[in-house]
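Hi everyone, thanks for coming. Please have a look at what is on the screen, and I will walk you through some of its details.

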Amino acid sequence: MEVSVIGSSQVNNLGRVDLRYREVGLCSFSKNLNFAKISSPKYSGLFVGQSSISWSSKYLFPLIVKASATAQTEAAVTSEKASGTRRSEVDNNLMLYVGLPLDAVSSTNTINHARAIAAGLKALKLLGVDGVELPIWWGIAEKEARGQYNWAGYLSVAEMVQKMGLKLHVSLCFHACKESRVPLPEWVSQIGESQPDIYFTDRSGQRYKDCLSLSVDDLPIFDGKTPIQVYKEFCENFKTSFSSFMGSTITGISIGLGPDGELRYPSYHKPAKSQGAGEFQCYDKNMLSHLKQHAEASGNPLWGLSGPHDAPSSKELATSSGFLKEHGGSWESQYGDFFLSWYAGQLISHGDRLLSLASSTFSDVPIAVSGKVPLMHSWYQTRSHPAELMAGIYNTVNRDGYEGIIEVFSRNSCKAILPGIDLADEDQPKETRSSPESLLEQIIFSCRKYGIEISGQNARISGSPSGFQQIKKSLTGENAVDLFTYQRMGASFFSPEHFPSFTAFVRDLRQPQLHSDDLAVEKVDSAESLPEKNVQMQAA
Amino acid sequence: MSAVATELLVHYSLRRRTLVPGIHAYSRRAPPLYLNCTRRPLSAGPSLSSFELKAPKALTLRASASTDTAAVVESDVVFSETFSLKRPVKVEGKITIRLVNGKDEENWQLIVGCSLPGKWVLHWGVKYIGDVGSEWDQPPPEMRPPGSIAIKVDYAIESPLEKSSTLEGESFYEVKIDFNTNNSITAINFVLKDEDSGSWYQHRGRDFKVPLTEYRHDDGNVVGAKKGFGIWPGAFGQLSNMLLKSEGAENKMDFTSCESKAPPQQNSRLEGFYEEHPIVRETLVDNSVTVSVTQCPETAKNLLYIETDLPGDVIVHWGVCKDKGRKWELPEQPYPSETKVFKNKALRTLLQRKEGGTCSSGSFTLDVGLTAFVFALKLNENTWLNNMGKDFYIPLSSSRVLNKEHSQSHSANKTKESSTAYTDGIINEIRNLVSDIASEKSRKTKIKEAQESILQEIEKLAAEAYSIFRSAIPTFTEEEVSEAEVLKPSVKIASGTGSGFEVVCQGFNWESHKSGRWYMELHQKAAELSSLGFTVVWLPPPTESVSPEGYMPKDLYNLNSRYGSIDELKSLVKRFHEVGIMVLGDAVLNHRCAHYKNQNGIWNIFGGRLNWDDRAVVADDPHFQGRGNKSSGDNFHAAPNIDHSQEFVRKDLKEWLCWLRQEIGYDGWRLDFVRGFWGGYVKDYIDASEPYFAVGEYWDSLNYTYGEMDHNQDAHRQRIVDWINATNGCAGAFDVTTKGILHSALERYEYWRLSDEKGKPPGVVGWWPSRAVTFIENHDTGSTQGHWRFPGGKEMQGYAYILTHPGTPTVFYDHIFSDYQSELSKLISVRTRNKIHCRSIVKVMKAERDVYAAIIDEKVAMKIGPGYYEPQTGPQKWSLATEGKDYKVWEAS
């Protein structure tokens, strides 16, 4: 800290006044000097107040500036097919995104913490992050009435992102979010008041009100319009409103497929306190009637009267019940297969409807469409995979439930987003027999088989370098993904406990490029938006 | 540097302030008035000798950069920002004091008024006949004007001043106090408080004092002592003015003459008077300054324009920065008109008044290559305006290419915009650097510099984003709080409670001062202490002290003591840090020995850097005649007890603690005799000094009935817990209760005492383990003093207890360097190996006449006492970890 002229003139002035106060004044002035010492790195750890804003620069890393070596561009181009097998380390094509705060845009369509976001964007840009992810909420953009869209807040964010020269991935969210207090549009929940069966329902009659049941997809519940039509109009309007950003700033969208945007039933939506695996969500009126028809059509009308009577409740141990117990559970019976096929089939059809809606809507703009595949990793190491079954993924020891899902993604040329690539097996509670790593491997295998591109996300902000290690592990090797979105910007993201490890992580990811020693590449911003052909230019 | 960066530094400065509140409190606070009209003898302390009426005027004003209010952006404007300013404006007025006779000789009325508008409150008290220590007592109810509030803390009354009007129609504020001369009140004391600003208006830094009866004083120095001079002559106002002008040395003379002039009075006969005192209040008026920078495309020079609505002559005191540092430099000539060079360090340019307008403005042409324009505004000799305590820092873009597109966006995105320009600037620079000759090695260093500046930028941006996001956190995430999470914050948030895994060594005994080189001796032992498993060492009190052991501190800033010099102390602390041990300083805050006597020959005036007077001493210890408030705790009778309710005392102590942290490197505190003052003040000190670990000594007697110690010591531990509570849990306390119970249990074979009625440990550790600092002996209880010595020969049982149990155990120096060392070492390593911490769970297995046994965290089993106990093999298998006389410790395997 320097002592400016102001400082000394202050002392002079103080000198004029009463003797005693002069001493105080000198005291405080000398304190000023002491501050200089406090702010030295030695003390940054001792004073909380101080450390919270100053990071030792050792965490930060030299930024990589690549020269325009075209050779590297060529080397980096790998064909789509080969990409699955040839990667041995994090490759230069990995795009790194960071999610914007869930509440980046408030319900009144203004930007929350605009200054923080602006500063954050700039920091990310300078750090060499490629882009950001922005959740657009149904409950905000189409808040007032059906067909009345207000994109103002989101457009401003997009503009900020564009100005900063970052890319933008937009998540269209047709669900509500408790965490950031975004509800469904009120006109939707009003209908829900009178027709609660538009929501997913479990055996005890409990409704899940954060998104619509897939069973109403094609029912004209909105004054003659079906949810699918409403979603479609939302997407169309979004496309038009953001047309100036499409393909340039906005490089991709993901379409909300269910709870938390994931393609699943909301079987498991409460914080994990018990050893349950969730509950089947087939008890709303429409689901039940569909089940009934289906059972009758398949010649077993009795099977269509309800869901499995001996399925566990979410409070019971997942594998304790008759239906899901590991050995001899009815899931392995003919009835079990009937029910589970139907239950999972419903979900897959729903996914197909939404993904085809999205891919057709956005077929005329150069952006990638993605959907989110859930990572129901609890109980993965059992034979019956209760958590996945109840979430609607018919994946057991006998059957690959992800093939069907990925096939739908492939059919609609959509990318798959896999959340939770930061999860390590060893961090999971033993009693839930969870294995996020093996599950991830299985899903990625299916994706590779169908040639689906994968984007990774972390499940939560990483508190420790080990979390980043796990992410890096997932991003390397056979399972390499094309794009990784780190979730998400906010106070803890920028906190001194976290941000330095994040920067270290980014450095680590980009490490291989360091070997090319100051070779810098001007960004070759090719017209094609295929990520494989993009070579990163961190500082540009 | 961008605008964002500037603001960031503001954050820094604010934050730093919180560490030492002294600094800015000073700039804001309305200055105390220094007037003389007291009737007390004026031979008091040296501080009274200056009578300059001037209040401190050097106000540093802060502006907040309000980026959103930016002015219209022109096409080539590269920077434009309006800062709001707070200009101090002094309003002069008067305080009037009038004593008038009521309906008869006995009923009188004191009227205190103030001519300045505002929410005025009279903070007052009375002195009764016979009050010795205290100057402040609450007046009888009938004296209290309507609307009065009793202030419990310092025995005062607060009465609001009511608005009334003078004959001239000006509004006036006054309060009337009726009193009867029969109710044995000798004086009314008061200060005036401005509720809006919270400022106090005192009288020469002391209370206003209106004596009502004869004032007897036994200071033989004053002529005419014992002579009634409780009456204020009508001409007092004049006299007081006279005194104001006089020099200190002459005071007594004047006063004497005044007294002789005063007509002789009978005791208890009052005479009315009226007097006025000038009062100056400072208020802050909003102004602003707008700075814009435009770039001239032809000359590539920056044109900086400053405009402000400050009235009067405004001088811009400025300089430029040539690199990314913030060093002020002088720019190349020529300078703008009306510019002077100030001490070859800065330039001073008088802003030109705009014709017919209220604005002043000036423009500055700046060469390329400058990184910033720095300035402050000077209104007159004593009034400076700067940007929240910092110089205004206007970044100048040095990049040649400026994106025109930025200028067209809305003002709402102003910050971002200018920063974008900046980012682009950097990026362009890098591009230029890189594309020039990428292969040339010499370029590398330049790139590195560029990288360095990017890194700093990232840091700052992240910090800014963090500070904003963080302030908004509470709006969500409140729902998902699992039990595990609830526990965690208490570890992190509360300063001063460490990690929970501390093992403390008391690094001295009562004799340690004798060699005069204790710090050096301990220096040799640091590595050994570390290898024994200690993580914290408690060092003796470091200050100059009247007693050699250090517990009678005098000059707090003099750290040369009988234990060694300040440099030896620093090197010792450094040594401990090298071996991974945190260091606690023994802070004696309760009392302090004075340097000088007051006029009565009482030692209560302090010297050294903290030259407090008797206001810093509590009022209720007659030995020391303090003029502070009553003590907030018990008194320690050997030295003046410090009045922690005084803000200046707390401010000084906080500064001192921060200084110790910085200068010496202490990581935390052992706080001496905390019974002497309220725990809330401790919280204040802890918050300010942010120690890693802090522990207070709250030592009072256990409960006994007929000489027999009670089994239930809940009342005793409750008092300790209450104290911890008062500190808001930010400090731990020594678990005196546990020591006391161990005494009885071990000495008299009453091991059953070690389980309370709920089957938990009976000490503080059973109630609030994370704040309990357990010990069996210290320099007072043991060593050569032996005030309350642990039962001889049973020390290891005591250690087997505290080192396996929750709480933070402390081992006494004498025991470490004795035959017990190897046993202690084993116990500590059992604790460390099994990760027993201050919150570990104890399950009492046996508490009988001759044996106590417990299992801790299901990992460690222990027993003390001659009786039998072996842990059961259940889910765990137990293997003996260490044993000694009458104790055994097992580990689960």
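Let's begin in chain B, where the side chains of Glu276(B) and Lys94(B) form a salt bridge with 3.4 Å from N to O. By salt bridge I mean a side-chain nitrogen of Lys or Arg within 4 Å of a carboxyl oxygen of Asp or Glu. Glu276(B) belongs to strand S13 (residues 273-295) and Lys94(B) to strand S3 (residues 77-101), so the pair ties together parts that are 182 residues apart in sequence. Helices (H or I, at least four residues) and strands (E, at least two) are DSSP runs, numbered from the N terminus. Both partners are partly exposed: Glu276(B) has a relative accessible area of 35%, and Lys94(B) has 31%. For that scale, buried means under 20% relative accessible area, exposed over 50%, and partly exposed in between, using a 1.4 Å probe and protein chains only.

A word on where this comes from: it is a predicted model, in which local features need pLDDT of at least 70 and side-chain atom pairs count only at pLDDT 80 or more, while totals for chains, interfaces and linings use all residues. Residues are numbered from 1 along each chain as its sequence is written, chains are lettered from A and ligands numbered from 1 in the order in which they are written, and side-chain values use heavy atoms, with hydrogens and water left out.

How many salt bridges does a search of the whole structure find over all chains? The count is 49. One of them joins Asp223(A) and Arg146(A), at 3.8 Å from N to O. Asp223(A) lies in the loop between strand S5 (207-212) and helix H11 (227-241), and Arg146(A) in the loop between helix H8 (138-141) and helix H9 (152-163), so this pair ties together parts of chain A that are 77 residues apart in sequence. Asp223(A) is exposed at 71% relative accessible area, whereas Arg146(A) is partly exposed at 28%.

Back in chain B, Arg748(B) forms a salt bridge with Glu750(B), and their closest N and O atoms are 3.3 Å apart.

Val365(A) sits in the loop between helix H13 (334-361) and strand S7 (368-372) of chain A, and it is buried, with a relative accessible area of 16%. Its C-alpha is 9.6 Å from that of Thr251(A), although the two are 114 residues apart in sequence.

Stepping back to chain A as a whole, we have 19 helices and 10 strands. Of its 540 residues, 60% count as buried.

The expected span is 1.5 Å times one less than the number of residues. Buried residues of H9(A) include Tyr154(A), Val157(A) and Met160(A). Just after this helix, Gly165(A) takes a positive phi of about 75 degrees. In chain B, helix H10 (residues 647-663) has 17 residues and reaches 24 Å from its first C-alpha to its last, close to the 24 Å expected. H10(B) is mostly covered, with 14 of its 17 residues buried. Gly665(B) follows H10(B), and its phi is positive, near 95 degrees.

Finally, the aromatic rings. Rings of Phe, Tyr and Trp (its six-membered ring) pair if their centres lie within 6.5 Å; planes under 30 degrees apart count as stacked, over 60 as edge-to-face and the rest as tilted. By this rule, the count over all chains is 63 aromatic pairs. Tyr749(B) and Tyr751(B) have ring centres 6.3 Å apart and planes at 55 degrees, so their pair is tilted. Tyr749(B) is partly exposed at 33%, and Tyr751(B) is buried at 0%. In chain A, ring pairs link a cluster that includes Trp138(A), Tyr149(A) and Phe362(A).
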